[in-house]
Amino acid sequence: MKKKKIIIVVSDYYTDLSIRITENIIKIIKTKYIFKIVKVPGAFEIPVTISRKIKNFDAAIAVGCIIKGKTPHFDHIARASIDGIMRVSLDNKKPIGNCILTCLSKKQALERINKGAEAAKAVISILSK
């Protein structure tokens with residue numbers, strides 16, 4: 001049976017966090033799936049990047065972190081990114097694991113660093129149906 005392909009689109013905005021999240025994803029998928037990592041500047045660029053590349057993959061995983069600052073920018077970027085990912089998933093009928101952490105602090109993000117593994121497991125679950 002042919003191995004399924006997963007694209008992992010990673011925001012580089014908080015590089016230290018994204019690397020750790022991505023490492024957790026790779027641990028889950030490396031033996032049974034072909035994967036490609038594509039880096040983007042921030043979470044806002046994740047949906048369009050997945051949209052442009054999803055036709056060549058069976059699934060995707062979005063990786064990033066948005067940490068709340070002092071302006072409403074956090075709310076707008078978080079909502080646009082998550083809504084965009086869902087739209088791409090539904091339009092293409094392919095699973096997209098969402099591991100864009102939306103946190104109030106970097107400490108909170110570090111506490112959620114294993115969410116990448118959860119997103120990978122969710123994608124695997126849908127691919128196996």
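Visitor: What volume does the largest pocket have?
Guide: About 260 Å³. A pocket here is an open set of points on a 1 Å grid over the protein atoms alone where a 1.4 Å probe fits, with protein on both sides within 12 Å along at least five of seven lines. The points are joined across faces, edges and corners, and the volume is the space filled by probe spheres set on them.

Visitor: Is this an experimental or a predicted model?
Guide: This is a predicted model, so to speak of local features we need pLDDT of at least 70, and side-chain atom pairs count only at pLDDT 80 or more, while totals for chains, interfaces and linings use all residues. Residues are numbered from 1 along each chain as its sequence is written, and side-chain values use heavy atoms, leaving out hydrogens and water.

Visitor: Back to the pocket, then. Which residues lie nearest its centre?
Guide: Tyr13, Cys65, Ile66, His73 and Ile77, out of 17 lining residues; lining means having an atom within 4 Å of a point. Strand 3 (59–67) and helix 3 are the elements that give two or more residues to that lining. Helices (H or I, at least four residues) and strands (E, at least two) are DSSP runs, numbered from the N terminus.

Visitor: How does the lining split by class?
Guide: Ten residues are nonpolar, four polar and three charged. Ala, Val, Leu, Ile, Met, Phe, Trp, Tyr, Cys and Pro count as nonpolar, Asp, Glu, Lys and Arg as charged, and the others, Gly among them, as polar.

Visitor: New topic: in what order do the elements run?
Guide: From the N terminus on, the order is β-α-β-α-β-α-β-α-α, which comes to five helices and four strands. The chain has a radius of gyration of 14 Å, close to the 14 Å that the globule rule gives for 129 residues, so it is as compact as a globular protein of that length. That radius is taken over C-alpha atoms, and the rule is 2.2 Å times the number of residues to the power 0.38.

Visitor: And what share of the residues is buried?
Guide: Buried residues make up 43% of the 129, where buried means under 20% relative accessible area, exposed over 50%, and partly exposed in between (1.4 Å probe, protein chains only).

Visitor: Which residues have the most contacts inside the largest nonpolar core?
Guide: Ile6, Ile25 and Ile61, in a core of 22 residues. Strand 3 supplies the largest share, five residues. A second, separate core of 19 residues includes Val38, Val40, Ile50 and Ile100. A nonpolar core is a set of buried Ala, Val, Leu, Ile, Met, Phe, Trp, Tyr and Cys residues joined through side-chain atoms within 4.5 Å.

Visitor: What does isoleucine 6 touch?
Guide: Its partners include Ile29, Tyr33, Phe35, Phe57, Ile61, Val123 and Leu127, leaving out residues up to four places away in sequence. Contact means heavy atoms within 4.5 Å.

Visitor: Where does phenylalanine 57 sit?
Guide: Phenylalanine 57 is in the loop between helix 2 and strand 3, and at 11% relative accessibility it counts as buried. Lysine 4 is 53 residues away from phenylalanine 57 in sequence, yet their C-alpha atoms are 7.5 Å apart. Among the residues that phenylalanine 57 touches are Ile6, Lys36 and Lys94.

Visitor: Is lysine 93 buried or exposed?
Guide: Exposed, at 74% relative accessibility. Lysine 93 lies in the loop between helix 3 and strand 4, and has a positive phi of about 55 degrees although it is not a glycine.

Visitor: How about serine 89, buried or exposed?
Guide: Serine 89 is buried, with a relative accessible area of 14%. Serine 89 belongs to helix 3 (residues 73–92) and touches Lys94, Pro95 and Ile96, not counting residues up to four places away in sequence.

Visitor: Last stop, proline 41: which loop is that in?
Guide: The one between strand 2 (33–40) and helix 2 (46–53). Proline 41 is exposed at 59% relative accessible area, and it touches Ser11, Asp12 and Tyr13, again skipping residues up to four places away in sequence. Lysine 39, in strand 2, is exposed too, at 56%, and touches Val10 and Asp12, with that sequence exclusion applied.
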